[in-house]
Amino acid sequence: VLLARASGYATLRMVDKGMADVDAVAAELGEDELATWAHVEMIRGELKGTAGATSGAVEALEHAIALWRELGDTAAQAKTMRLLGMTYLYSGDNVAAERWLSEALDAVRALGDRQGEGWALQKRARLSYHQGRLDEAAEPLDAADATAKQTGRFGGLGAVRGRRGGFRGPD
């Protein structure tokens, strides 16, 4: 229950409350509970990234990726790679952001995860946008939009769809 609540706090950007729950769960975990540790590290990384603690976020997210890889959970690994890519993007490291977002996109495509592909494409569009490559941003955004329409799952895409004109730049 605490881990689910911590994830909710991460989504709401309530860092202190989320970290309190993550720390409480971590304090009770045994070494052999790898899946729960992976979740803890993933949420911890997301919260630290939200707080602007890039090095702590990167460390936690890389640890989570290693645990997901060990567990063979490619879907969770891809989600965590996407979070790591966005952490790098917001810290200004576009090279690392590109690497991790590309790996996340490759992973979800290999799984046939259309919703995950939509999320990864949306994040790739955001990377291009942040780099000032507006024409390049439009292509993955359009692909993400098409994926969302095909799956019927828009998630956070709606907020980005409203800014599509800004991705295309002036006519």
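Which residue follows helix 6, and what is its phi? That would be glycine 112, whose phi is positive, near 75 degrees.

View 1. Residues are numbered from 1 along each chain as its sequence is written, and side-chain values use heavy atoms, leaving out hydrogens and water. Helices (H or I, at least four residues) and strands (E, at least two) are DSSP runs, numbered from the N terminus. Out of 171 residues, 43% count as buried; buried means under 20% relative accessible area, exposed over 50%, and partly exposed in between (1.4 Å probe, protein chains only).

**View 2. Helix 6 covers residues 94–111.** Its 18 residues reach 26 Å from first C-alpha to last, close to the 26 Å expected at 1.5 Å a residue (the expected span is 1.5 Å times one less than the number of residues). Buried residues here include Ala96, Trp100, Leu105 and Val108. The buried residues of helix 6 pack against helix 4 (54–71), helix 5 (74–91) and helix 7.

**View 3. The largest nonpolar core has 28 residues.** A nonpolar core is a set of buried Ala, Val, Leu, Ile, Met, Phe, Trp, Tyr and Cys residues joined through side-chain atoms within 4.5 Å. Trp68, Met81, Leu84, Tyr88 and Trp100 have the most contacts inside this one. Helix 3 (34–50), helix 4, helix 5, helix 6 and helix 7 each give two or more residues to the core. Apart from it lies another core of twelve residues, among them Val15, Met19, Ala26 and Leu29.

**View 4. Here's tyrosine 88 with its neighbours.** Leaving aside residues up to four places away in sequence, tyrosine 88 touches Val58, Glu62, Asp93, Ala96, Ala97 and Trp100. A contact means heavy atoms within 4.5 Å.

**View 5. Serine 128 sits in helix 7 (residues 114–130).** Serine 128 counts as buried because its relative accessibility is 5%. Skipping residues up to four places away in sequence, serine 128 touches Arg133, Glu136 and Ala137.

**View 6. Two loop residues, arginine 13 and glycine 92.** Arginine 13 lies in the loop between helix 1 (2–12) and helix 2 (15–28). Its phi is near 65 degrees, a positive value in a residue other than glycine. Most residues other than glycine have a negative phi. Arginine 13 counts as exposed because its relative accessible area is 56%. Glycine 92 lies in the loop between helix 5 and helix 6, and at 54% relative accessibility glycine 92 counts as exposed too. The C-alpha atoms of glycine 92 and histidine 130 are separated by 9.2 Å, though these residues are 38 apart along the chain.

**View 7. Residues 165–171 have pLDDT under 50.** pLDDT is the predictor's confidence in each residue, from 0 to 100. The chain's mean pLDDT is 87, and 88% of its residues reach 70 or more. For residues 165–171, the model has 15 contacts beyond four places in sequence. Where pLDDT is low, the predicted coordinates should not be read in detail.

Definitions and conventions. This is a predicted model: local features need pLDDT of at least 70, side-chain atom pairs count only at pLDDT 80 or more; totals for chains, interfaces and linings use all residues.
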